[in-house]
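Please read each point against the structure itself.

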There are 4 protein chains.
Amino acid sequence: MSGSSMGRIFTVTNFGESHGPAIGCVVDGVPAGLELAASDIQQELDRRRPGTSRFVTQRREADAVEILSGLYEGRTTGSPVALLIRNTDQKSRDYSAIADKFRPGHADYGYFTKYGLRDPRGGGRSSARLTAPTVAAGAIAKKWLAREFGTVVRACVTQVGPVSFPVEDWAQTGANPFFAATARGEPLHEAAELLDQLRREGDSIGSRLRLEALHVPAGLGEPVYDRLDARLAFALMGLNAVKAVSIGEGFGVCGMRGSENNDEMTSGGFLTNHAGGILGGLSTGEPIVAELAVKPTPSIRREQRTRNEAGREVLISTTGRHDPCVGLRAAPVAEALAAMVLMDFALLARCAR
Amino acid sequence: MSGSSMGRIFTVTNFGESHGPAIGCVVDGVPAGLELAASDIQQELDRRRPGTSRFVTQRREADAVEILSGLYEGRTTGSPVALLIRNTDQKSRDYSAIADKFRPGHADYGYFTKYGLRDPRGGGRSSARLTAPTVAAGAIAKKWLAREFGTVVRACVTQVGPVSFPVEDWAQTGANPFFAATARGEPLHEAAELLDQLRREGDSIGSRLRLEALHVPAGLGEPVYDRLDARLAFALMGLNAVKAVSIGEGFGVCGMRGSENNDEMTSGGFLTNHAGGILGGLSTGEPIVAELAVKPTPSIRREQRTRNEAGREVLISTTGRHDPCVGLRAAPVAEALAAMVLMDFALLARCAR
Amino acid sequence: MSGSSMGRIFTVTNFGESHGPAIGCVVDGVPAGLELAASDIQQELDRRRPGTSRFVTQRREADAVEILSGLYEGRTTGSPVALLIRNTDQKSRDYSAIADKFRPGHADYGYFTKYGLRDPRGGGRSSARLTAPTVAAGAIAKKWLAREFGTVVRACVTQVGPVSFPVEDWAQTGANPFFAATARGEPLHEAAELLDQLRREGDSIGSRLRLEALHVPAGLGEPVYDRLDARLAFALMGLNAVKAVSIGEGFGVCGMRGSENNDEMTSGGFLTNHAGGILGGLSTGEPIVAELAVKPTPSIRREQRTRNEAGREVLISTTGRHDPCVGLRAAPVAEALAAMVLMDFALLARCAR
Amino acid sequence: MSGSSMGRIFTVTNFGESHGPAIGCVVDGVPAGLELAASDIQQELDRRRPGTSRFVTQRREADAVEILSGLYEGRTTGSPVALLIRNTDQKSRDYSAIADKFRPGHADYGYFTKYGLRDPRGGGRSSARLTAPTVAAGAIAKKWLAREFGTVVRACVTQVGPVSFPVEDWAQTGANPFFAATARGEPLHEAAELLDQLRREGDSIGSRLRLEALHVPAGLGEPVYDRLDARLAFALMGLNAVKAVSIGEGFGVCGMRGSENNDEMTSGGFLTNHAGGILGGLSTGEPIVAELAVKPTPSIRREQRTRNEAGREVLISTTGRHDPCVGLRAAPVAEALAAMVLMDFALLARCAR
């Protein structure tokens with residue numbers, strides 16, 4: 001499997017760069033017979049789209065998806081579903097001043113070392129824009145999981161810098177610009193003030209997300225190496241800017257006792273869910289619960305020291321259109337990644353006996 | 001790639017169960033010409049071996065490795081290296097009382113749901129014993145990385161329940177029973193007391209590990225999906241009992257600003273390493289730093305409620321030989337997993353241009 | 001790796017259907033720094049294009065390729081190269097009469113059994129039109145192989161039904177409508193007469209191709225299972241309508257003695273090439289020589305018995321625009337497939353020691 | 001997937017060398033619940049074993065298989081099944097005279113070029129001995145296919161040099177030393193005389209095999225690239241000494257017309273099986289029929305010219321214990337390979353809709 005692909009049966013191959021002609025993906029392994037329309041995918045893309053509030057990048061992309069293949073009369077045929085999103089608002093001039101400089105906190109230096117050259121326009125392949133094809137592919141997985149098992153995959157932002165959002169009403173994630181699962185005025189207001197201030201200061205902030213998957217059948221995952229938690233960690237840590245992934249109690253387990261952390265069962269099922277829905281690499285049927293740490297957007301206006309390709313120290317200030325809190329748009333991407341992993345394992349589980 | 005395999009070029013396929021005749025692995029993709037002897041592998045296995053102190057399981061396994069293939073006159077030939085470890089101290093009677101019960105905190109229920117049957121002897125495939133082949137394979141990767149780049153991969157325990165160990169002297173990890181990188185008497189003493197008490201109470205405790213890889217070349221990783229941090233997270237989250245993985249500042253980034261978290265560069269290199277050696281999915285050349293949360297051993301003597309295969313609620317008490325703190329033996333496994341990932345990407349990097 | 005992908009490092013993922021909006025592929029694993037333009041790909045596509053003579057399908061497709069990603073300033077960046085070809089001349093009405101019938105010699109029955117539904121428009125996914133993305137991907141492999149090793153991959157038609165073409169002048173393959181490596185009037189004339197007659201009779205004819213790869217470095221291939229000859233056979237047998245693949249002496253070896261078939265060496269190299277450039281699954285450095293048997297186009301106007309989806313016996317006559325000898329356009333596809341395989345192994349060989 | 005592995009779900013990883021301590025394989029992806037005993041595997045190994053008649057190598061190997069993992073109470077558990085076969089009759093002295101010479105017709109030169117060193121003992125990794133693990137893995141696939149679908153996979157030798165064997169009674173393949181599906185005295189006698197003569201002359205001979213798979217469900221295969229015929233060709237061309245693979249009419253199609261080659265259907269099914277059971281890369285439900293060309297054993301006693309590792313021309317005569325007709329023992333291997341491919345696709349087919 002190539003580096004730009006994910007999944008063994010439900011396999012997504014991602015392509016494109018921030019400022020190339022187009023981005024997209026090929027989704028292979030979609031079972032035949034799934035009803036699918038571009039609108040199913042578009043509604044997920046719209047949740048991730050830039051330019052929807054003053055707190056995210058002002059790049060204006062319609063992110064209109066075209067389904068190029070794999071459908072006949074509104075149903076999938078078992079052939080690969082290719083999805084295409086044209087780039088329309090590439091402002092390459094924004095980046096010309098930094099073309100030969102390694103932006104701090106970015107992949108630039110690694111790319112240059114690895115490939116000997118790099119596409120500096122908008123971060124090229126390393127841009128968070130490449131999460132759009134992931135969201136598109138994930139929309140298919142979400143629809144299939146919902147049909148097969150009633151699975152719901154959802155994510156919300158629970159922290160923006162010093163501001164915490166309680167998780168109390170998932171319907172609110174679409175109603176505020178922070179993907180917060182709350183309607184409480186105070187934290188939402190504080191976050192808005194913080195982001196406005198950061199924009200004035202040319203700085204950015206980190207965030208934390210919570211991901212849940214409900215109604216996941218028990219027994220998904222391959223026990224040694226290709227575990228469900230391992231593959232979720234792979235998928236979620238691979239999301240741009242993510243620096244930590246935890247399942248269930250996460251780092252909290254370091255201080256816990258077995259008698260406290262073990263989830264007892266009765267004939268009615270599990271009594272608790274410290275495990276976050278995964279034990280021994282396999283789903284338990286309880287809700288899968290994960291948390292992600294998203295670092296602050298590395299592109300900031302404040303001047304920083306760096307070096308250029310020639311090895312000389314220079315100053316850099318990134319003046320393009322950037323999300324001050326890149327995690328704000330990460331929720332739909334995290335959902336998509338989790339759905340891709342779950343669908344792949346659900347198909348693999350058909351081969352278990 | 002099958003579920004029991006890891007790696008695209010350097011591919012390790014793991015087999016075995018806790019109480020079957022043998023465990024082992026096939027290591028494919030080892031470049032020809034590497035000097036290799038069983039002793040190179042044995043010394044790593046001995047670091048993970050059970051029964052070495054009163055704080056780990058008292059199961060007595062020599063874990064003697066036999067190299068079955070892939071060598072000629074002391075060097076690898078490019079053919080798969082098959083490694084075999086016989087199980088010698090299987091006490092299946094320990095497990096008969098719980099054969100049809102789902103042990104809390106264990107994979108039992110997931111296995112039963114997935115496969116319709118399960119091997120109850122010592123946890124079968126889900127036993128931490130299956131980390132031994134991983135350590136064996138990792139020994140090859142460590143040797144190769146050291147020869148190629150001088151890479152050092154090391155891990156230590158930094159926390160056992162409420163007790164924290166400072167990371168101040170890596171040479172100490174082999175000198176105390178906690179894999180702690182310190183010689184300070186106080187925390188070591190506290191940990192010993194805690195574990196003795198837990199054994200008396202029939203309980204267990206969680207722990208935290210720190211993993212480092214020094215002298216890793218820059219540019220390792222495949223930027224979209226198959227990133228270095230993603231694959232490290234996959235490998236490490238796949239380690240038994242791990243519930244969280246973080247890179248660099250980890251969850252700390254949620255509260256940080258970009259101006260604070262970005263690692264500035266000068267002509268001399270990076271000034272800080274908040275990123276933990278990975279940016280945009282590629283290594284930066286700085287030390288790779290990761291942390292793992294390891295849950296308390298789920299096998300405890302204290303009685304807990306659970307259900308059996310027939311769906312009835314029962315009480316369970318696990319009386320076998322178990323590690324009260326399973327994380328204590330995780331350090332060599334984490335090193336092995338990280339080395340496997342790094343070697344695989346180092347080989348893949350040869351194809352980048 | 002998904003079913004629509006080929007290659008471990010140089011990985012091509014193919015998508016599309018005959019009458020969908022577009023066909024194409026994502027080519028991952030192209031090393032950075034290769035000069036590449038759409039014209040490099042277009043010239044190969046033009047060799048395979050329909051409608052270029054009266055002996056091939058009269059479907060009019062420009063087969064204009066668009067490079068969607070992976071390039072910066074005329075060079076590959078190491079990111080996936082996505083290639084798009086719009087379908088423009090889909091005449092779905094041609095197929096309406098046969099939509100629920102299983103065309104003899106076609107994949108229809110298998111698709112229906114496997115997927116429970118199928119796209120009947122022009123054969124859908126099973127159409128030979130899907131070889132166009134393969135040709136496009138192969139163009140990249142050919143260019144890279146030529147730059148790295150001076151490799152030349154070439155194929156010609158050596159037989160059309162009863163007419164044989166000698167292989168004497170490779171420059172002629174582009175100068176006659178049969179991809180024959182000869183300028184001799186007699187066989188070319190005979191073949192033209194045969195095909196005209198077949199068109200009148202509503203029938204089709206089989207053919208044979210010869211494939212060669214010159215200047216291939218020795219040592220390509222992975223000895224057990226993933227051999228060079230095995231992978232070439234995989235690639236070439238996967239070409240639509242191919243029913244046999246042979247290397248070197250092929251079926252001729254059944255009657256040969258070892259003393260006759262073995263290729264002796266001297267200090268100057270191999271004295272013969274009965275092996276067709278591959279021994280023990282590895283290239284020898286001698287020209288790789290393979291032969292393919294291509295069955296007659298199954299779509300014929302002559303009436304045949306078949307059944308429909310409801311299980312009833314019906315008569316069928318395929319009146320669309322079809323190649324009377326589908327092998328005529330297979331030469332560029334065979335070249336592309338061989339180039340893809342060779343490039344993949346050439347990259348893998350970098351990891352051998 | 002590594003080079004020594006085959007299959008996407010049912011994945012076999014092969015290890016070992018002719019004269020190392022052991023050979024074997026890890027079979028991952030075996031569904032749970034299959035009854036399996038070492039005897040199931042042993043009976044297939046015994047069909048391939050050396051030393052069973054005067055016409056095959058006189059190396060004496062019991063080829064006793066040990067199942068190391070994946071079983072519990074006589075059934076598979078879904079965990080990898082590791083199979084071990086100890087080498088017991090390695091006579092390395094046989095090979096010392098040729099250790100630095102490239103044997104004509106062998107992989108030696110390719111290995112040396114690729115890896116920079118090689119294991120000269122008995123051909124090392126390239127020995128036909130490595131087909132034993134394949135046979136062992138195939139035994140599992142055969143048993144599973146028989147249970148699921150009643151599938152029968154069988155192969156016989158149809159030609160040894162100038163001698164042809166009719167295919168008229170499959171029960172005879174175990175009753176004569178040629179794996180011929182006939183009891184006719186004449187061709188069997190001729191073949192015996194030929195092989196005795198070849199032994200006296202220190203020469204060898206090529207052969208042809210026929211492979212059949214009956215009761216294969218329709219719809220197996222993945223249409224583009226990973227086709228059933230493509231993967232069978234991969235598997236069978238990867239068998240040592242095979243130089244050609246054909247399906248159905250094979251090279252015969254080159255001279256056939258569509259009206260002749262197409263298999264018509266009626267409500268009762270297919271009327272003919274020119275396609276050899278595969279159309280468009282998918283099984284049709286008709287018997288799968290393939291043919292293989294096996295080259296004469298390259299190891300012959302007759303002197304031949306070659307070069308050594310230093311580049312000098314030398315004479316070589318291979319005096320070890322070799323099969324004068326390596327194809328004689330290929331039938332069980334071809335069956336095993338075909339069964340592995342069919343089982344893998346049968347599992348994948350569960351994910352098609």
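This is a predicted model: local features need pLDDT of at least 70, side-chain atom pairs count only at pLDDT 80 or more; totals for chains, interfaces and linings use all residues.

1. Chain B is superposed on chain A by a rotation of 180 degrees, with 0.0 Å of shift along the axis and an RMSD of 0.0 Å, and that is the relation of a two-fold axis. Within chain B, the C-alpha nearest this axis belongs to F234(B), at 2.3 Å from it. Both copies use the same surface, given that 100% of the contact residues of chain B recur in chain A.

2. Over all chains, a search of the whole structure finds 32 aromatic pairs. One of the pairs is formed by F251(A) and F251(B), whose ring centres are 6.1 Å apart and whose planes stand at 85 degrees; because planes over 60 degrees apart count as edge-to-face, this pair is placed in that class. The pair crosses between chains, and in chain A as in chain B the residue sits in the loop between strand 11 (242-247) and helix 6 (258-261). Both F251(A) and F251(B) are buried.

3. On a further pair that joins two chains. The ring centres of F270(A) and Y109(B) are 5.8 Å apart with the planes at 80 degrees, so this pair is also edge-to-face. F270(A) belongs to strand 13 (residues 269-270) of chain A, whereas Y109(B) belongs to helix 2 (residues 108-115) of chain B, and the pair therefore joins two chains. F270(A) has a relative accessibility of 15% and counts as buried, because the term covers values under 20%. A single aromatic cluster is formed by F102(A), Y109(A), F112(A) and F270(B).

4. On charges over rings. In chain A, the charged end of R231(A) sits over the ring of F345(A), at 4.3 Å from the ring centre. In chain D, R231(D) lies over the face of F345(D), with 4.3 Å to the centre of that ring.

5. Most residues other than glycine have a negative phi. E73(B), although not a glycine, has a positive phi of about 50 degrees; it is found in the loop between strand 5 (71-72) and strand 6 (75-76) of chain B, where it is exposed with a relative accessible area of 68%. D63(D) is likewise not a glycine and has a positive phi of about 50 degrees, but its place is in the loop between helix 1 (38-48) and strand 4 (65-67) of chain D, and at 1% relative accessibility D63(D) counts as buried.

6. On the annotated binding site. An unreviewed UniProt entry places the feature "binding site" at several residues of chain A, among them N240(A) and P298(A). N240(A) is found in the loop between helix 5 (228-237) and strand 11 of chain A, and is buried with a relative accessible area of 14%. Leaving aside neighbours within four places in sequence, N240(A) is in contact with S126(A), S127(A), A128(A), T131(A) and R227(B). P298(A) is found in the loop between strand 16 (288-294) and strand 17 (304-307), counts as buried at 11% relative accessibility, and, not counting residues up to four places away in sequence, touches P104(A), G105(A), H106(A) and N262(B).

7. On a buried threonine in chain D. T182(D) has its place in the loop between strand 9 (163-164) and helix 4 (185-201) of chain D, and is buried with a relative accessible area of 0%. The side chain of T182(D) reaches the backbone nitrogen of R184(D) at 3.1 Å. Apart from neighbours within four places in sequence, the contacts of T182(D) include F165(D), P166(D), E168(D) and L188(D).

Definitions and conventions:
Residues are numbered from 1 along each chain as its sequence is written. Chains are lettered from A and ligands numbered from 1 in the order in which they are written. Side-chain values use heavy atoms; hydrogens and water are left out. Rings of Phe, Tyr and Trp (its six-membered ring) pair if their centres lie within 6.5 Å; planes under 30 degrees apart count as stacked, over 60 as edge-to-face and the rest as tilted. Helices (H or I, at least four residues) and strands (E, at least two) are DSSP runs, numbered from the N terminus. Buried means under 20% relative accessible area, exposed over 50%, partly exposed in between (1.4 Å probe, protein chains only). A charge sits over a ring if NZ of Lys or CZ of Arg is within 6 Å of the ring centre and within 35 degrees of the ring normal. Copies are superposed by least squares on the C-alpha atoms of residues with pLDDT of at least 70 in both. Contact means heavy atoms within 4.5 Å. UniProt positions are given in the numbering used here, feature names are shortened, and annotations may be inferred rather than shown by experiment. A polar contact is a pair of N or O atoms within 3.5 Å; within protein, one must be able to donate a hydrogen and the other to accept it, and residues adjacent in sequence count only if both atoms are side-chain atoms.
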